[in-house]
Amino acid sequence: MAMTMPRIGGLRVRQTGLTARVVPGGRALRRPVQVHAAAALASYTDAGLISDEERAALAKEMGYTKIGKELPDHVTLNTIVQTLPKEVFELDHGKAWRAVLTSIVSMSACLYLISISPWYLLPFAWALAGTAFTGFFVVGHDAGHRSFHKNNLVEDIVGTLMFAPLIYPFEPWRIKHNHHHA
């Protein structure tokens with residue numbers, strides 16, 4: 001069933017609906033499509049066609065406290081990056097290796113906890129272990145973005161070793177993930 005939003009600035013936006021497309025042979029296929037109200041109104045908000053009051057009403061309707069306006073034309077990503085301190089862009093090898101050590105110690109402690117826990121505490125031990133294993137992904141993610149170490153070989157080795165317990169191949173993930181960010 002399609003949900004509709006109330007009128008905002010004279011617009012009525014459908015959140016779900018059907019779309020038709022023609023396939024070879026002249027047949028039309030209909031398939032459900034999810035349309036977010038924010039995406040549907042993007043062109044109107046970008047052009048500044050809704051007032052501040054309508055923007056506030058849209059934010060309230062969507063469950064947000066506010067929806068911001070577009071950045072001025074003179075503000076670019078480069079100007080924002082230039083305002084950041086230089087330390088943000090420097091690699092800290094000590095911090096990186098402490099993250100590896102913290103992940104390994106946490107995982108080891110959780111595996112020990114699982115081995116000694118009575119059956120009724122195992123769900124809590126598993127949840128804690130899942131949280132500890134997240135550290136492995138975080139370190140591997142940093143290695144995949146080339147923000148772990150200055151040496152790419154070290155990053156590839158660390159990323160592969162950190163993803164191995166997760167049973168996830170590092171190199172294909174790194175390529176696809178960096179393509180996702182491109």
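Helices (H or I, at least four residues) and strands (E, at least two) are taken as DSSP runs numbered from the N terminus. The model is predicted, with pLDDT of at least 70 required for local features and 80 or more for side-chain atom pairs, while totals for chains, interfaces and linings use all residues. Residues are numbered from 1 along each chain as its sequence is written, and side-chain values use heavy atoms, without hydrogens and water.

The chain contains eight helices and two strands, in the order β-β-α-α-α-α-α-α-α-α from the N terminus. Of its 182 residues, 22% are buried (under 20% relative accessible area; exposed is over 50% and partly exposed in between, with a 1.4 Å probe and protein chains only).

A nonpolar surface patch is formed by Leu71, Leu77, Ile80, Val81, Leu84, Val88 and Phe89, with about 650 Å² of accessible area together. Leu77 lies in helix H4 (residues 77-82) and is exposed because its relative accessibility is 65%.

Nine aromatic pairs are present (ring centres of Phe, Tyr and Trp, the last by its six-membered ring, within 6.5 Å; planes under 30 degrees apart are stacked, over 60 edge-to-face, the rest tilted). One of them joins Trp119 and Tyr120 edge-to-face, at 5.7 Å centre to centre and 90 degrees between the planes; both residues are exposed. Phe163 and Tyr168 also pair edge-to-face, at 6.2 Å and 65 degrees. Phe163 is buried, at 0% relative accessible area, whereas Tyr168 is partly exposed, at 47%. Phe163 and Tyr168 belong to one aromatic cluster with Phe137, Phe170 and Trp173.

Definitions and conventions: Patches are made of residues with over 30% relative accessible area and no salt bridge: like charges are joined within 9 Å, nonpolar side chains (Val, Leu, Ile, Met, Phe, Trp, Tyr) within 5 Å. Accessible areas come from the Shrake-Rupley method with a 1.4 Å probe; for residues, only the protein chains shown count as cover. A salt bridge is a side-chain nitrogen of Lys or Arg within 4 Å of a carboxyl oxygen of Asp or Glu.
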